[in-house]
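Subject: Structure for you to look at

Hello,

Here is the structure I promised to pass on. Please open it first, then read my notes below.

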Amino acid sequence: MSDTSLHGAYVAATVLPEILPTPKERGRIMGFVHRHPTIVIGGVLVLIMVLIAILAPWLFTKDPTSLAPSKRTREPSALYWFGTDMLGRDVYSRVLYGARVSLTVGFSVACCAGILGTTIGLISGFTRRIDAIVMRAMDGLMSIPQILLAIALMALTRASVQNVIIAISITETPRVCRLVRGVVLSLREQPYVEAAIASGTKVPVIIWKHILPNTLAPLMVQATFICASAMITEATLSFIGAGTPPIIPSWGNIMAEGRALWQVKPYIVFFPAIFLSITVLAVNLLGDGLRDALDPRLAKRL
Amino acid sequence: MNTTRPLLEVKGLKKYFPITGGLFGQTTAKVYAVDGVSFDIQRGETLSLVGESGCGKSTVGKSLLRLYDVTDGEVYLDGQRIDNMPASKLRPIRQRMQVVFQDPFSSLNPRMKIRDILGEPLTNFGLVKNNADLREKVSLLMDKVQLPRDAIDRFPHEFSGGQRQRIGIARALAPGADLIICDEAVSALDVSVKAQIINLLVDLQDELGLALLFISHDLATVEHLTHRVAVMYLGKIVELTDRRTLFSKPHHPYTKALLSAVPVPDPTAPRNRVILTGDVPSPINPPSGCRFHTRCPLVHDRCRTEEPQLRTVGEGHTSACHLTHAPGELVMG
């Protein structure tokens, strides 16, 4: 091979558009997909759901609350992709807008319960006196079935998405709290924490630098699990009429409204249900993959 | 600095762990982990604390470091009493007393780079001015423990057990301590690496004038690096003497049993082994009288009722046994 042809190949390679990944980068991306297929599958599905929720108004949807009694209970067709419900509302539009409620509730609850539970768990894991009281209170909360507690909390307040988030967060917090406390109790016995104490590190710094980073992996898995569980709880609450107000479409209340007709018009229940299932599955896959990837001992060079 | 007193003095150290139970977590029993231990360590000296698993030797180490609050007794570092010092005032003490743990895997935070692990004590004690200074000091520490300087940006899981233990030693050296407590520091390593780490510790001791409290269950290891040895049994020191005396003229029957358990490389060498039967009794309910009487081959009536005190049996040699003079050879009866 002559020098000129080598040179030519080199020039051709540099003029490739820069947005395309170079072969090396492509190899790394494929390697990541290969090592963590669950993260990729779960992440892509979650991303699609988030995009659907954000872009709902531009995805050929109609007003999800506009009534058209003359066009009620239409089968899925080119005009009504998922059909219409018993009030003539477009199920496709309602399911897409419903994704907003479900995802908002799921992520918000994961964040609220995660932060609240982590804070309480860290404090009670490090302070013996507070521990006994806090954990008995958490036991008390956990002894009430989650859905019943959420219903009771909703009954105390007005139906709104915000109140749904608060109610589900309260029921999920004890689980995070228990997890974090357990991890803290085992970590504080670790020699590296004792070495840090012996090195004169102050307790807040120990919590921040030694304890918290090592609770993140289990916390992440728990947060995704809570996110999935919160979406189901929200749908359950909406389904029994104790959650999102009927004026806001959510997967739960779409299914609730379709329930009466489900033997003759199953698609009204089917479409929101399939969206809910896929989202919950995706979030759980993501959490599972993250757990493996977040562990530096298992992580190979990215 | 007080030069007449030993670096570390321990007088009647006791550490009992409560066993809690019941609905309200009340104390139902106590583990007498350390029950009246006294010794001292001079500057630049190595004292080994040996004994079987569960005899309380690690508890002594952790009590000295104030990782545990002591139940009773007095601990002086350089003439300053530290056992009852409030936690807020301990920092300058911690700078002078450091620890190397047994398990090289769990003693380094898996999420911190070596630079941050070694930098932590340096920053805590205000020994560095800026980042460049920190990097320089950490690099010097790496030199001291004979690890490559460019390894400081790596994570602990990228190192072998022996290398991790060197990092643990470097962390203990970082604040410029006078006393390093080595809690089974070489027990988890394989033989060749163990020898390297012991040599490193001995070299560092010569170079820096460190005092070492070397906690170990392995007399063969201890023999290579120690000046004096304290033998512990069930929360008490039963014999304390210099290395040569301990290995040539042990007094306490328990020490003899331990020594006869040390493997000898020559299979044809004549051996007079003292084999102990049974397990170490529970420290929750220690035996009356001499704590060793349940397993002692030379037990007599007095041992069951009266607790022997440590008494001098030779120059710098104390032993807690009722037998007035050391019997020449132990005969299993």
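Start with the charges of chain B. There are 40 positive and 37 negative ones, and their mean positions lie 3 Å apart. Chain A carries 27 positive and 17 negative charges, with mean positions 4 Å apart. Please keep in mind that this is a predicted model.

**Chain B as a whole**

Chain B has ten helices and twelve strands. The C-alpha trace of chain B spans about 70 × 60 × 45 Å along its principal axes.

How much of chain B is buried? Buried residues make up 51% of its 333 residues. The chain exposes about 15000 Å², and carbon and sulfur atoms supply 51% of that area. Now take the contacts in chain B between residues at least 6 apart in sequence. Of these, 64% join residues at least 24 apart.

**Chain A as a whole**

Chain A is built another way. It has eleven helices and zero strands. Read along the sequence, the pattern is α-α-α-α-α-α-α-α-α-α-α.

Look at the radius of gyration next. Chain A has 25 Å, but a compact globule of 302 residues would have a value near 19 Å. The C-alpha trace of chain A spans about 80 × 75 × 25 Å along its principal axes.

Buried residues make up 44% of the 302 residues in chain A. The chain exposes about 15900 Å², with 70% of that supplied by carbon and sulfur atoms. Contacts in chain A with a separation of 6 or more are 70% between residues 24 or more positions apart.

**A loop residue in chain A**

Find Ile247(A). It sits in the loop between helix 9 (203-239) and helix 10 (251-258) of chain A. Is Ile247(A) buried or exposed? It is exposed, because its relative accessible area is 63%, and the cut-off for exposed is over 50%. Now find Thr65(A). Ile247(A) and Thr65(A) are 182 residues apart in sequence, yet their C-alpha atoms are 7.2 Å apart in space.

**Cysteines**

A disulfide is a covalent bond between the sulfur atoms of two cysteines. How many disulfides are there over all chains? A search of the whole structure finds zero.

- Cys177(A) is in no disulfide: the nearest cysteine sulfur belongs to Cys112(A) and is 15 Å away. Cys177(A) counts as buried, because its relative accessibility is 0%.
- Cys227(A) is in no disulfide either: the nearest cysteine sulfur belongs to Cys111(A) and is 8.5 Å away. Cys227(A) is also buried, at a relative accessible area of 3%.

**Helix 1 of chain B**

Go back to chain B and find helix 1, residues 57-64. This helix is mostly covered, with seven of its eight residues buried. Which ones are buried? They are Lys57(B), Thr59(B), Val60(B), Gly61(B), Lys62(B), Ser63(B) and Leu64(B).

Most residues other than glycine have a negative phi.

- Glu184(B) is not a glycine, but it has a positive phi of about 55°. It lies in the loop between strand 7 (179-183) and helix 6 (191-208). Glu184(B) is buried, with a relative accessible area of 7%.
- Leu234(B) is not a glycine, but it has a positive phi of about 50°. It lies in the loop between strand 9 (228-233) and strand 10 (236-242). Leu234(B) counts as buried, because its relative accessibility is 1% and the cut-off is under 20%.

Why does Glu184(B) count as buried? Its relative accessible area is 7%, and buried means under 20%.

Click through these residues in the viewer as you read.

Best wishes

Methods
Residues numbered from 1 in each chain as written. Chains lettered and ligands numbered in written order. Predicted model: local features only at pLDDT ≥ 70, side-chain atom pairs only at ≥ 80, totals over all residues. Heavy atoms only, no water. Helix = DSSP H or I, 4+ residues; strand = E, 2+ residues; numbered from the N terminus. Buried < 20%, exposed > 50% of the residue type's maximum accessible area, 1.4 Å probe, protein only. Contact = heavy atoms within 4.5 Å. Areas by Shrake-Rupley, 256 points an atom, 1.4 Å probe, with all protein chains shown as cover. Lys, Arg positive; Asp, Glu negative; His and termini not counted. Charge placed at Lys NZ, Arg CZ, Asp CG, Glu CD. Disulfide = S-S within 2.5 Å. Rg over C-alpha atoms; globule rule 2.2 N^0.38 Å.
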